[in-house]
Amino acid sequence: MLKLPIYLDNNATTPLDPRVLEAMMPYLTTEFGNAASRSHAFGWRAEEAVEEAREQIAALVGGVGKEIVFTSGATESNNLAIKGIAEFYKEKGDHIITCRTEHKAVLDTCKRLERQGYRVTYLPVEKDGRISMDELRAAITDKTILVSIMFANNEIGTVQPVAEIGALCREKGILFHCDAVQGVGKLPFDVEQVKADVVSISAHKMYGPKGVGALWVRRKPRVRIAPIIDGGGHERGMRSGTLNVPGIVGFGKAAELARTEMAEEGLRTGRLRKKLQDYLFAHLDHLELNGHPEHRLPGNLNVSFAFVEGEALMMAIKNVAVSSGSACTSASLEPSYVLRACGVSEDLAHTSIRFGIGRFNTDEEIDFVGRYVVEQVQKLREMSPLYEMAKEGIDLSKIEWAAH
Amino acid sequence: MAYGDKVLQHYENPKNVGTLDKNDPNVGTGLVGAPACGDVMRLQIKISDDGKIQDAKFKTFGCGSAIASSSLVTEWVKGKTVDEAMTIKNTHIAQELSLPPVKIHCSVLAEDAIKAAIADWRKKNAAKTQTSQTQPEQRAE
C-alpha cells in the first residue's frame, strides 16, 4: 500500500534510519555521561562512544578519527572552516575564492569576512553548475589563502570537480575547504584523493539525527583553525562546548551505514531518479533539466516545468513533499540564486521543482509521483495563459511585460 | 506557504477558467504581470449592450494565491456594471482571501487585471461608451 504523503525532499533532510535510532537510544537514556568527565565511568563510557563515532565518520571520508571536530551542524562547520582559516592565516593573505552556487552558510560567511576587510572572489558557474578550472586558476593570487568549493550542490545536485580543485590548491599552497554535506555518503569521497584540507559534513543528510555535524581538519600537513566559540577547550580547542553524545553516536552509526551501503544505494536511488526523469520527459513537453546530466547526485532531479509556477505546482501535488526554486516559496521574492547563477532565466527559475530521492523511496512511490506530476502539470498548463500563448506560436520573450 | 481555506477552495476548484474570443468587440482582455516575476494574469470580460459584465474568464500563471485572486475576481465582476467593477480594490481581495503580507501583490495584480480588461474593452468601444457614463456606485463595506 502506498502511504501518503510521499517524502521526496531528501536534499533538505533525511529521515532517521531506525538502526541509527537504536544505536542512539542508550545515550538518550542510561548512558547520559558527559564525554569530558574524566573522573568516573559515566564520562569514560560516553567518551568511548564518541571516539568510536569519530572513527566511523573519519572512515567514511578516508581520514582518521583525530581529525574530526564535532559541531552543531554543517552551517557551523562551514562558519568554523572559513572564519577559522581566515583568522589564523590572515598574516599570509586576505583573499578567498568561492563560487556563486555555494550554500548560504558559505556565501554569507564570506560576505561577513568581506565587511571585515577580506577580499572574496565568487566564481561563476557553467550552465550545468560546474566551475571552470581555468577561471579558478586565473582567480588565484599570491594573497589567496583559501578556496571553498562544495562537493555537490543542494539544489541542482551538480558535483564539482573536487579532485582537480584539490590538486590545483595543493600545487599552489592554498588551503581547500570542501562543503561535502550533500555528497558524502551518497558518492565516494576520499580526503586523500581529493587533497582536501577541511571538509564539512552533516549527520541529518545521511539518515542521522539533526543538530550534529563535523569538520574534518587535516593533521598532515597540519591545518590550523582559530575557534569561533570559546569555552572549555573541547575538540582540541577548535570547538568548545559539551559534546552532543547521543547525536554523535547516531552520526557515527549513520556514517558506518552510508559507507557500507553507499555503492548499492547509489545505484538504486540513481535508477529511481532516472525512472522519474524519463517518465516526465516522455509525457510532458517544454521541460528543462537543471544541473549536470551526469555529474550529479544520484537521487537529485531538478526540473523546470515551463509555464507552471513552482509553488502552484507544489500545492497541486500536495501529496508529495518536494521543494521549488520559485520566489513564491521564499520570503525574498527572488527566484533561486543557484538556478540564476547557472543562467536559467527568471521565468524558468520560477517553474523549477527539486525531487530528492533517498534511501526509503520505492519504485511504487516513483511510479505514482510520475503519473501525479504529469497530470497536475497538464491541468495547470490548461490554466496558464503563457502555455496558451506558446501553443499559438507567440514568442513570450518578445512581449513587453510590465515588471511589478 | 500555509494558506487560508478560501485560497485553497479557489485554488482547488478555480471558477471560470478559460478563454473568450479576444476579437469579439464585446470582450475586454487584460494581461498583467510578467513571467520573470512569477505571475501573469489574463482576465477577460464580456460586456452586454446594457453595460453589464455577463461573463468573465481567466487564465493565470502564478502561485496559489494568484490563481485564487483571479478566480475570485471573475466571480465578483460577473453581473456588475463596468463602473461597479472599477471600484473593486486589491484590499477587498486580500481581505476576502486572508492573504499574508508577502502575497498582497497577487491581489494588486488582480485589481490591475480588471482595470486592464475594462480599458481594453473601452478602447475597442470608444464611441459606444459615451452612452454608458453612469455614476459609480459606492460599495458598502
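The model is predicted. Chain A is divided into domain 1, made of 6–11 + 263–398, and domain 2, which covers 18–258. Chain B has 5 helices and 3 strands, and its contact with chain A takes 26 residues from chain B and 24 residues from chain A.

**Domains of chain A**

- Domain 1 of chain A and domain 2 of chain A have C-alpha centres that lie 30 Å apart, and 20 residues of domain 1 are in contact with 21 residues of domain 2.
- On the side of domain 1 of chain A that touches domain 2 of chain A, the elements giving two or more residues are strand 10 (300–305) and helix 10 (337–341) of chain A.
- That side of domain 1 of chain A is made up, by class, of 5 nonpolar, 12 polar and 3 charged residues.

**Helix 2 against helix 8 in chain A**

- Two packed helices are described by the angle between their axes and the distance between the axes.
- For helix 2 (residues 41–61) and helix 8 (residues 245–283) of chain A, the angle is about 35 degrees and the axes are 8 Å apart, and helix 2 of chain A passes helix 8 of chain A in a left-handed crossing.
- Helix 2 of chain A brings residues including Ala46(A), Ala49(A), Val50(A), Ala53(A), Ile57(A) and Leu60(A) to this contact, where they are among those that meet a set in helix 8 of chain A including Val245(A), Ile248(A), Val249(A), Phe251(A), Gly252(A) and Ala255(A).
- Glu52(A) and Gln56(A) of helix 2 also take part, as do Glu256(A) and Arg259(A) of helix 8; by class, the contact has 13 nonpolar, 2 polar and 3 charged residues.

- Strand 8 (residues 213–217) of chain A is largely enclosed by the rest of the structure, because 5 of its 5 residues are buried.
- Gly213(A), Leu215(A) and Val217(A) point one way from strand 8 of chain A, whereas Ala214(A) and Trp216(A) point the other way, and all are buried.
- Strand 8 of chain A pairs in the antiparallel sense with strand 2 (residues 68–71) of chain A over 4 bridges, and also in the antiparallel sense with strand 7 (residues 198–202) of chain A over 5 bridges.
- Trp216(A) in strand 8 of chain A is the bridge partner of Ile68(A) and also the bridge partner of Val199(A).

**The open sheet of chain A**

- An open sheet of 4 strands in chain A has the order 9-10-13-12, with antiparallel pairing.
- Strand 9 (287–290) and strand 12 (323–324) of chain A are the edge strands, each of which pairs on one side only.
- Strand 12 of chain A pairs with strand 13 (residues 352–356) of chain A in the antiparallel sense over 2 bridges, and within strand 13 it is Ile353(A) that stands opposite Ser324(A).
- Helix 8 of chain A packs on this sheet and touches strand 9, strand 10 and strand 13 of chain A, with its direction making about 15 degrees with that of strand 10 of chain A.

- Met1(A) lies in the segment before strand 1 (6–7) of chain A, and Met1(A) is exposed, with 4 other C-beta atoms within 10 Å.
- Met1(A) and Ser202(A), which are 201 residues apart in sequence, are 32 Å apart in space, C-alpha to C-alpha.

**Chain B and its side of the contact**

- From the N terminus on, the elements of chain B run α-β-β-β-α-α-α-α, and of its 141 residues 44% count as buried.
- Among the contacts in chain B with a separation of 6 or more, 64% are accounted for by residues 24 or more positions apart.
- Strand 2 and strand 3 of chain B pair in the antiparallel sense over 8 bridges, with Gln44(B) opposite Lys57(B) in strand 3 of chain B.
- The hairpin of strand 2 and strand 3 of chain B has 5 residues between the strands, and in this hairpin Gly51(B) takes a positive phi near 80 degrees.
- The chain contact takes 26 residues from chain B, and strand 1 (27–34), strand 2 (39–47), strand 3 (53–61), helix 2 (64–77) and helix 5 (104–124) of chain B each supply at least two residues of the side that touches chain A.
- Strand 1 of chain B provides the largest share of that side, 4 residues, and the residues of the side divide into 16 nonpolar, 7 polar and 3 charged.

Key
Residues are numbered from 1 along each chain as its sequence is written. Chains are lettered from A and ligands numbered from 1 in the order in which they are written. This is a predicted model: local features need pLDDT of at least 70, side-chain atom pairs count only at pLDDT 80 or more; totals for chains, interfaces and linings use all residues. Domain bounds come from an automatic or database domain assignment. Two residues are in contact if their C-beta atoms, placed from the backbone, lie within 7 Å. Ala, Val, Leu, Ile, Met, Phe, Trp, Tyr, Cys and Pro count as nonpolar, Asp, Glu, Lys and Arg as charged, and the others, Gly among them, as polar. Axes are lines fitted to C-alpha atoms, for helices over the stretch in contact, and angles run from 0 to 180 degrees between N-to-C directions. A crossing is left-handed if the near helix is turned anticlockwise from the far one by less than a right angle, and right-handed if clockwise. A residue is buried if 20 or more other C-beta atoms lie within 10 Å of its own, exposed if 12 or fewer, and partly exposed in between; C-beta atoms are placed from the backbone. Two strands pair if DSSP finds at least two bridges between them.
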